[in-house]
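Please read the sequence and the structure below before turning to the notes. The briefing is arranged by topic.

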Amino acid sequence: MKRRTFLLAGLGTGGALFLGWALLPPRQRLVGSTLPESGGTDTGGKAVALNGWLIIAPDDTITVVVPKAEMGQGTHTALAMLMAEELDCDWARVRVEHSPIDKIYGNVSALVEGLPFAPEADDTLVRGIRWMMAKTARELGVMMTGGSSSVRDCWMPMREAGASARASLIAAAAASWGVAASTCRAEQGAVISADGRRLRFGELAAQAVQHRPSTITLKAAANFTVVGKPMPRLDSAAKSNGTATYGIDVSMPNMLYAAVVMSPFGASTAPSATAAQMARSRTMPGVRAVVSLPGSRYGDPPALAVVAESWWQAHKAAQALATATAAGTTAGSSAVSTVTVLQDIRSTLRNDDGMPLRVYGGAKKVLAAASRTVDATYEAPYLAHATMEPMNATVRVSNDGAELWTGTQVPGYARAAVAHVLGLDDERVTVHQHILGGGFGRRLDVDYIAQAAAIAKTAPGVPVQLIWSREDDIRHDFYRPATMSRLRAALDAEGRVTAFLTHSAGQAPFKAYSKRVGFLLTQSGPDRTSSEGTWDQPYAFPALHASHSETESAIPVGSWRSVGHSHQAFFVECFIDELASAAKQDPAAYRAAMLQSHPRALRVLQLATEKSGWGTPLTPAPDGRPRARGIALHAAFGSIVAEVAEVSVAADGRIRVHRVVAAVDCGLAVNPNIITQQIESGIIDGLSAALNGELVIEGGAPRQSNFQDYRLLRINECPVIETHIVPSLDVPSGVGEPGLPPIAPAVANALFMLTGTRLRSLPLRMPSEASS
């Protein structure tokens, strides 16, 4: 398949749709249907919404309306900074609240960036398709927090909303003073005239709605006073003193609680319980009802639900029911296991060339004719999200409709799921969005919300809160798919790559997700998430053949932090290290030679090597064991990250990562503190997976169930992490996920430098000296 053919492969079925949308007039994202165009009020006719993104109260409080979920990544603070920058308000007066569901808040950036274009693609056709996709995304209005897209997506709307409001406030003040608006300025939450008169924003807001600007002017980056500064996070105090309200904290009078017993993967019926068992459960303390749930299209499996006066009572009754029904032996599910999945993937790699994703230079022919080749197969396991706050949702059904309280990355789909289960129109469901105790892609799914609605349907008028136990959460996740990749390269006499071939196989996470939520367009064609990080990597190979084979399994899969990048970076960056070793060259220099046409990536690589002391001697680890460095570089979500890891191996084979130096180019750094936190978070999350992460499935259920056997990195295992940001004035790109992919290959490459052992499977495990 030619490259151009691939670029269009995923869009062909939607061609007519794109053309139709392209004819629609452009629309601003400032005014929606749920907030009035101007002059809308929030509290008793006092606070004024100047557009759909900000509300000004008489006391000068600025409420920034944010459509993105806050799940620890600091996006509420970053987005509020964009608004405050252009509004010229007092940062101490800034507050944040979740937006309602409206098309103006739809995520445009994630859909545009999801197009299967190589990073350097920027010709007329590509720009045209991106433009049409942006218009389509605006019309669809899909509210979604994911793909490290929040700041990028709101970069213009937030700034435009702030600048528009500032212009209205200045015009209102100028009119009241009888002077030209051009003689006035905004500063620290007030408009000031040339002669020093001053009116606060809170005094002007009501009049400002009469002065809608026909044009607005955004600040030049050189004039930024908020953006680019390490501003304190708006949510730190509430999260530190316990007043922050997560979905699991929702509490209401007369609320009932629910716990569930779910069937294993592949089962089509709820755990079988006899009438006597059901009756016995209903007699347990606090239990109000035991109901059977059929499951739904959103991925929640068939289940039994116990409704009780407290969650602990519901949980204990559910546990007793689970024991009595022996749910793990449900017929039809026993064949589902990671063993059979991995056998299928290996067979697929042997017998299928895969869907070509990016092909040029005749890579296969070059390889066939080459006198020197390198060949390796890599493997990554299933992973669970393991968010700190387990899945939960509270639903109340009434004669007027329904209300939902939860933390979700997709409020529109959450509303649709409740409406679907209850047989209501979407507009009759009200969503109360809460902050999330971790998302990582797990809360892009709404299975637990659909389940909560089905349970609440049996108790009309009463709020019912469903909480999954940690065991429920880990055993009924939508996992990162197990994936394998075979990589081959041809080298010339100097060790330079003349052809690079990568063929991976595994389940397609986004296609599986699309089926659950009803994305018809993305259910056909290639699933870019399966293989991202291979065909769109920055190295200049003379010939490339990147392909992926999709496999099927009853094991549910979904988006795990950084999705395909999380494992493809391990495959590609370890293999690059193998090539450098085969060429007898320094791994960093070897990479740099292939990045000469990609100066942005080259700068990141050079910054990481410079700050890490690459090439200088390392002191031994505290236990006296030698240390070594490994390097990896990866581009994802518009950003480029390079990481250098320093590791040692104890006598018992335990891997210790002492220090990680990261360099990142994420465009303009809106808040350097948050960027640093996100890179650190990605490294720690990625290290958890690299050193411990593995989900083994037997008989239709995971063997692991809680943090004792699905280990996350402990505090005393965390390395020292240094983050260095490349100065840039480019549009901000993602930081929530790009820090994760390079850490596993950086550690694996360091282990090779240290021991000479090349580990090609995750999690990384060294043989102990005693057993080797």
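Residues are numbered from 1 along each chain as its sequence is written, and side-chain values use heavy atoms, with hydrogens and water left out. Helices (H or I, at least four residues) and strands (E, at least two) are DSSP runs, numbered from the N terminus.

**Confidence**

- The chain has a mean pLDDT of 90, pLDDT being the predictor's confidence in each residue, from 0 to 100.
- A pLDDT of 70 or more is reached by 92% of the residues.
- Over residues 1–27 pLDDT stays under 50, and the model has 44 contacts beyond four places in sequence for this stretch; contact means heavy atoms within 4.5 Å.
- Residues 36–43 also have pLDDT under 50 throughout, with 17 contacts beyond four places in sequence.
- Where pLDDT is low, the predicted coordinates should not be read in detail.

**The three-stranded sheet**

- The strands β6, β7 and β8 form an open antiparallel sheet in the order β6-β7-β8; two strands pair if DSSP finds at least two bridges between them.
- β6 (185–187) and β8 (198–200) are the edge strands, each with a single partner, so one side of each has no neighbour in the sheet.
- From one strand to the next the twist averages 30 degrees; axes are lines fitted to C-alpha atoms, for helices over the stretch in contact, and angles run from 0 to 180 degrees between N-to-C directions.
- Three bridges link β6 to β7 (residues 190–192) in the antiparallel sense, and R185 stands opposite I192 of β7.
- Helix α6 (residues 150–177) lies across β6, β7 and β8 and runs at about 50 degrees to β7.
- Helix α7 (residues 201–208) packs on this sheet as well, touching β6, β7 and β8, and its direction makes about 80 degrees with that of β8.

**The seven-stranded sheet**

- An open sheet of seven strands runs in the order β10-β11-β9-β17-β14-β15-β16, and its pairing is mixed.
- Its edges are β10 (287–293) and β16 (429–433); each has a single partner strand, so one side of each is left without a neighbour in the sheet.
- The twist here averages 20 degrees from one strand to the next.
- β9 (residues 256–262) and β11 (residues 303–308) run antiparallel and are joined by six bridges, with V306 in β11 as the bridge partner of A259.
- Helix α10 (residues 311–325) packs on the sheet and touches β9, β10, β11 and β17 (464–467), its direction making about 20 degrees with that of β9.
- β14 (392–398) is antiparallel to β17 over four bridges; the bridge partner of A393 in β17 is L466.
- β14 also pairs with β15 in the antiparallel sense, over five bridges, and S398 stands opposite G401 in β15.
- A hairpin of two residues joins β14 to β15.
- Helix α13 (residues 411–422) lies across β14, β15 (401–406) and β16, at about 140 degrees to β16.

**Packing of α3 and α6**

- Helix α3 (residues 75–87) packs against α6 at an angle of about 35 degrees, with the axes 7 Å apart.
- α3 passes α6 in a right-handed crossing; a crossing is right-handed if the near helix is turned clockwise from the far one by less than a right angle, and left-handed if anticlockwise.
- The α3 residues in this contact include L79, L82 and M83; among those of α6 are C154, W155 and M158.

**Burial**

- Helix α14 (residues 447–456) has nine of its ten residues buried, so it is largely enclosed by the rest of the structure; buried means under 20% relative accessible area, exposed over 50%, and partly exposed in between (1.4 Å probe, protein chains only).
- The buried residues of α14 include D447, Y448, I449 and Q451.
- β14 is mostly covered, with five of its seven residues buried.

**Cysteines**

- The structure holds zero disulfides, a disulfide being a pair of cysteine sulfur atoms within 2.5 Å.
- C666 is buried, at 1% relative accessible area.
- The closest cysteine sulfur to that of C666 is in C154, 16 Å away, too far for a bond.
- C574 counts as buried at 0% relative accessibility.
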